[in-house]
Amino acid sequence: MTGIDFTVFKGSSTGKIVESKTHKESIKPDEVLLKITHAGLCGTDQHHKTSDMVLGHEGVGVVQQVGSQVTAFKFGDRAGWGYLHNSCGHCDECLNANEMFCPERAMYATSNTDQGAFASHAVWKAAFLFHIPDALASSDAAPLMCAGATVFNAMYLYNVRPTDRVGIVGVGGLGHIAIQFAAKMGCEVVVFSRGESKKEEGEEFRCRRVLRYESPDWNLFLSVLAPNAIIYPITVSEGNLEMPHIPLVSKGLTIQGSFCASRGVHVKMLRFAAVHGIKPITQEFPLTAEGIEEAMAKLDKGEVRYRAVLVAWEIGLSEAGWATSDEIFVLSSQTQQSIFKVPNEGKACTYTYVYLHVPPKINNYSANQTAGTPTPEKAHSSKRGLPWDLVLPLARRANVRFEDSVAWASYPN
């Protein structure tokens, strides 16, 4: 059988994540094949984990193949996608750049359910993919594909101004990104939070004030809103939205629905995030069935701070960002030792391997060394002669998280 086969991770009736395969006969002229490197975990994915569908809609990867009509992408480009996969292109909404509201829109969970971000590869229409700016690491870009686009859309599309005071409920997966966008737009930001621990974090994001509350209460929120204020409910939940009637009419308040961004706003969001250094706070998990299960369990318990990102075991050439004419260095962003090799497309080449080992803590440095693992001082004396001052930038560009850890490189004998 010819075509393209790739690994996918699906929900099931029991809620258990199931590894499966998806087959595509070919790449259509307007499509792109991506090798997925990073996938954000969104609360919406939790809603569908009992459905027989491939999960994930915050995807970032590296272009592997393009259709004959594709001119916007080429092999090796980083690209991402979000909630929207396609639209008709000719209705009033599409022609007004509001294709998210196209009556024939193709979206996550309602179409293309045989593929998603929780997979090794995906095939999408080039017109609904987004270039990832160089200033954004793939691990940071993944949550922006939905969470970032959603909060930015509410502010940009409905004309939030630098002179506005913006209130944000919760310093969580959506809230901590919304705070950064609003602050960088020049707004005065006030955060409502249930935890005292969030106060310092809110201030780090340039939040002016943090107001505590015990439980969500519309009477509390409405009492502090200015006349003619606008409320944007942007989380997704079952049931009805209920609130007190009198404050709504007596203050002239507006409730404005807002969804994920259409493509034009999505591009502006990525550009704004790159220019202003907006980055989600993330926790990384392996892009495996077990890794997805672990990330979902932590998200369900409220233990993720603040966005979970699933990382493929293999980080490809574009992610590493550097190679010689006959060598490719491939780095792993996992916190255990791993090695990989990939062929340099179209060239006869040798292979160079790079190990990364990241101990949990610097003060446990010696305890975490394994037998035969070289120290950084020895790394530069490898037979291939790649000095440590080159390995370190490679590691950083491959999204290795150093934080309070130490990383070093080595080569097999």
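This is a predicted model: local features need pLDDT of at least 70, side-chain atom pairs count only at pLDDT 80 or more; totals for chains, interfaces and linings use all residues.
Visitor: Is strand 11 mostly covered or mostly open, and how many of its six residues are buried?
Guide: Let's start with where to look: strand 11 covers residues 188–193. Buried here means under 20% relative accessible area. By that cut-off strand 11 is mostly covered, and the number of buried residues is five.

Visitor: Which residue in strand 11 stands opposite Ile168?
Guide: Strand 10, residues 165–169, pairs with strand 11 in the parallel sense over five bridges. Look along strand 11 for the residue facing Ile168, and you'll land on Val191.

Visitor: What is the bridge partner of Val190 in strand 12?
Guide: Strand 11 also pairs with strand 12, residues 209–212, in the parallel sense over four bridges. For Val190, the partner in strand 12 is Arg209.

Visitor: Which helices and strands do the buried residues of helix 4 pack against?
Guide: Helix 4 is mostly covered, with nine of its ten residues buried. Among them are Ile177, Ile179 and Phe181. The buried residues pack against helix 3, strand 10, strand 11, helix 8 and strand 16.

Visitor: Which residue just after helix 4 takes a positive phi?
Guide: Step just past the end of helix 4 and check the backbone there. The phi is about 95°, and the residue is Gly186.

Conventions. Residues are numbered from 1 along each chain as its sequence is written. Side-chain values use heavy atoms; hydrogens and water are left out. Buried means under 20% relative accessible area, exposed over 50%, partly exposed in between (1.4 Å probe, protein chains only). Helices (H or I, at least four residues) and strands (E, at least two) are DSSP runs, numbered from the N terminus. Two strands pair if DSSP finds at least two bridges between them. Contact means heavy atoms within 4.5 Å.
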